[in-house]
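This report considers the chain shown below, moving from its overall fold to its contacts with a partner chain and then to a pair of helices.

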Amino acid sequence: MLAFSPYISSFIDQIIVSIPYFKPELTLIITFIGTIIASLFVDKYWDKASFTFTIAGLLLSGCYLLGQGLSHVEMVGFFDMIHIDTFATSARVIILLSTLLIVIFIQQRHQHDRPLGDLYAVVLTATLGLNLLTMSSNWLMIFIAVETVSISSYIMVGYFSSTKVQSEAAMKYVLFGSICAAVMLYGLSLLYGFTGNLNFDTPSHIAGLMEAPKLMISIALLFLLTGIGFKLSFFPFHVWSPDVYQGAPTVITTYLATVPKIAVVVLLSKLLAAWLAVSFYFSDFLAYVIIIIAIATMLIGNLAALRQQDAKRMMAYSSIGHTGILLMAVLVYQNNESNVLLFYLSIYALMNIAVFIFINNLEVSLGSTSIDSYKGLGKQSPILFTSFSIVLIALIGLPPTAGFVGKLLIFSKVFEQYQNFQSFGLLALLIVGALTSVISLFYYFKIPLNAFLRDNVDHYSVKSNPLLLGIGLFCTIAVILLGLFPDILLSLF
Amino acid sequence: MPILSLLIFLPLLATAFILALPTRYKSSYKYIALAFTAVQFVLAGICYVKFDASQTGVQDLAGYQFVEQIPWIRLDLGSIGKLEIDYLIGIDGISMPLLLLSAFVMLMAIGASWNIQKSPKGYFALLMVLNMAVMGIFCALDFFLFYLFYEVMLLPLYFLIGIWGGARREYAAIKFFLYTLFGSVFMLLIIVGLYFSVINPVTGAHTFNMIYMMNPQNYLGDSIFAWDGYQEILGISARLIGFVVLFFAFAIKVPIVPLHTWLPDAHVEAPTPVSIILAGILLKIGGYGIIRICYSIFPDMAALSNWWLGLIGVISIIYGALNALTQKDLKRMIAYSSVSHMGFVLLGIASLTAEGVSGAMFQMISHGFLSAALFFLVGVVYDRVHDRNIYSFRGLAQLMPKYTGYVAVAFFASLGLPGFSAFIGEAFVIIGSFNAASVGTGLPRWMALAGSIGILLSAAYLLWTLQRMFFGEIRLKGGESWANELTDVNSREQLILFPTLALALLLGIMPSLVFSNLNASVLNLVSFIQQFI
């Protein structure tokens, strides 16, 4: 203790200097506490108190983020623990906006279920963790952030569980998640052993990786990918996601399928940009592993989706397939050129939120998420199913939607790298990426097929929540508009 | 006046109108669609009249007419360069006749859908979106824009076949969609490759402009599709791969044997108007794509591989005709006859002679409205008794004399009787492929010979059908009730059939109406490619 005392004042100085950088996250923390207090004491008198407080906190945090984004300054704070650049800021804005939509989604859908204050609080902590993930390059910080997100997600999945399937989903998620986290931690400790340094983008860290024994570094990297793979649900760590996506309430599935991926993709692309810049055994190994994983993920996600009869389960496999596409983009990410990646992430968030809102809308009316139950409904609710079909077309990646532009930009990036390095792996990625979008047509089109091409036997009536349907329509229109004029969004990043 | 933009986007306005009108006015949808398509036809007619036939087009933007160019997407994307996408449209002698044909066939299709009962709102809205996409494809000179229209075309077609089609419509719709998409996603990869290879000489940015892609000087030296540098993908020349992938993407649409199997299914299941559009316009997009894109962007590879293209054409001619001989379903027979007749287009294009390419273009136009007429004629019987089996009918000539007259004229016109348009097209293709050996483009004479056997076979299946269905004693599967329902063609049907068949005769007698307009472009294209032989 005494040895530290001369430094204490400089430590405190550093912390005080860093605090302004941390305003968006501090706001989230304060909102978290405030939401809990509101749900305990105020909700009794005004049942929207915790909801309003959450929304206000998210908006305020967004304001600070905008301030950071407009200043365009790179900020380093808390002893290199956080590192804020425009990439991180843009990603956090996407995370925040998606979270905002999903919080409204939760409120609209579950206002009559058990008290929601705690759920809002948990969503806020998850968002906090994700924010940290985007702006940290320190393994310790990253692990803490991953765990914050994981623990919050475990609670979210089990929050409404009333049936056996839902409890099973939550349990599976916890078990799988903890094991993956433990393995990742072991991998991190190996990395620390090799390098004696926890910041993955520092020269000494990379120098340590270069000198590490081949077998050990391979194992360490694979262990590290286990944790990241769990969060991104890429092959072979995708097995949990169909069960969890199907078992969890749709609002939670929306969150899990969309928001965590944004943050982890940002982290992974920063990591790969730092490590793949050098050409040594560890970086080549990592690149090949990622290529293989991306190809396998695209194939498995899309092929397994073919056989699904349940819309939510199908979307789980579809999101595995999209993870493969994202991995392609991550692999060719270069520092300071984040616009393609950010464009795809925002489009992905828009499409996913819209699809799940539509699925949920039908789930509430029909009591089922099976695709068969959509039979002949296209005629009864033409607006809903037309927008639904448009979003699915965007997920396939067909023009004139933004999904097409996103895919085109990613393919362009990969192609440019292929032209530079003539690596067969990149060519294989392109071919598999193109092929799987043909495969994906098959299962995405099951929904319009049932809705429009088949006739209705039972007569359900689809009741829509106007606010949610409005959000869904807004996303749909945005998807088309950004498909025709992608520069609206791309010029922002 | 931006005449081409009007031509493309008028149907979109019609869609908006149709969607905005409440369902209780549903009888007015077809009038809206008809009115807009008629205006479109007039606009296309103005294009035809004002067209300057001496302009060359193809690889020279100055030779295009009615050009509109608006910067559309401009983005700086760092390492992948500045994104430069233009809204660039224009027509030359190759696209202008097809544009007019599309407007004409669309008009026929609207006429054929007059009695649609099942949700007319969605039907006409989708038809108009399809109309827009088709017009856009023939006008687009920017590859991004072309691809956009090309894919947008698939969606309304899927629903048109899938919702208003026959018993196996789900299967036919998804099969059609998958076949085309399979070709086009790989086309997308080639587009990306071309984008990185080509530089706009004015701005120095990468570009999707097709015209720049046709000029060897715009290619970067070390790029994947570079002309001088010999780039390889897995040991095969990159330019050859690019050509082959693009060729197959369009050949699926033509369609060529063995990638044709979607066509009979789609035709049999599609409602009559959609069959008309499929045969009349969509197959031509395949031929158009090969000329406009494969041949013009990869002329060196076109010169290299035309023997194989000719072979594929000959196989399609013979195989399609033999298949048509054995069909029992009248619509299926005509679908296979389309495969056979479109084989001539491929053979003509492969000959790389002015006669052959002009013949291919002419064959596309002629087949466009003749096959549309044939499908319409099938629709006439099918509307009345919901049966298309050739053996269900006999002696129709006594029941429906006028109808038999139209069928006979249409059959004779399609089998290439001199005096009708198909004769001109097929004759020019055969002359072109026969001359190819003396010009030295590498197409052997036996291919021309095999093509003429195709004409013989088409006479066999068409005349045999005529004999089986229309002559002899009246014998109907449905007995008396059918005899009552099989009334002769009404005035609406005659209003559609008469101009179509008159056009076949007119173009058969005065082929210069088409030839004079496409001649300059075709000569330019042929000399552009022949320098690489």
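## Overall fold

What percentage of the 493 residues in chain A is made up of buried residues? In this predicted model, buried residues make up 56% of the 493 residues in chain A. Contacts that link residues 24 or more positions apart account for 78% of the contacts in chain A with a separation of 6 or more.

Chain A contains 20 helices and 2 strands. Its radius of gyration is 22 Å, close to the 23 Å that the globule rule gives for 493 residues, so chain A is as compact as a globular protein of that length. Along the principal axes, the C-alpha atoms of chain A fill a box of roughly 75 × 60 × 45 Å.

## Contact with chain B

On the side of chain A, 30 residues are in contact with 34 residues of chain B. The elements of chain A that give two or more residues to this side are the helices H14 (339-366), H16 (402-421), H17 (424-444), H18 (446-453) and H20 (487-490), and H16(A) gives the most, with 7 residues. By class, the side of chain A that touches chain B has 19 nonpolar, 6 polar and 5 charged residues.

## Packing of H14 and H15

Within chain A, the axes of H14(A) and H15(A), the latter spanning residues 382-396, come within 10 Å and cross at roughly 145 degrees, in a left-handed crossing. H14(A) makes the contact through Met351(A), Ala354(A), Val355(A), Phe358(A) and Asn361(A), while H15(A) contributes Leu384(A), Phe388(A), Val391(A), Ala394(A) and Leu395(A). The residues of this contact divide into 9 nonpolar, 1 polar and no charged.

Note on methods: Residues numbered from 1 in each chain as written. Chains lettered and ligands numbered in written order. Predicted model: local features only at pLDDT ≥ 70, side-chain atom pairs only at ≥ 80, totals over all residues. Helix = DSSP H or I, 4+ residues; strand = E, 2+ residues; numbered from the N terminus. Rg over C-alpha atoms; globule rule 2.2 N^0.38 Å. Buried ≥ 20, exposed ≤ 12 C-beta atoms within 10 Å, placed from the backbone. Contact = placed C-beta atoms within 7 Å. Nonpolar A, V, L, I, M, F, W, Y, C, P; charged D, E, K, R; others polar. Axes fitted to C-alpha atoms, helices over the stretch in contact; angles between N-to-C directions. Left-handed = near helix turned anticlockwise from the far one by under 90°.
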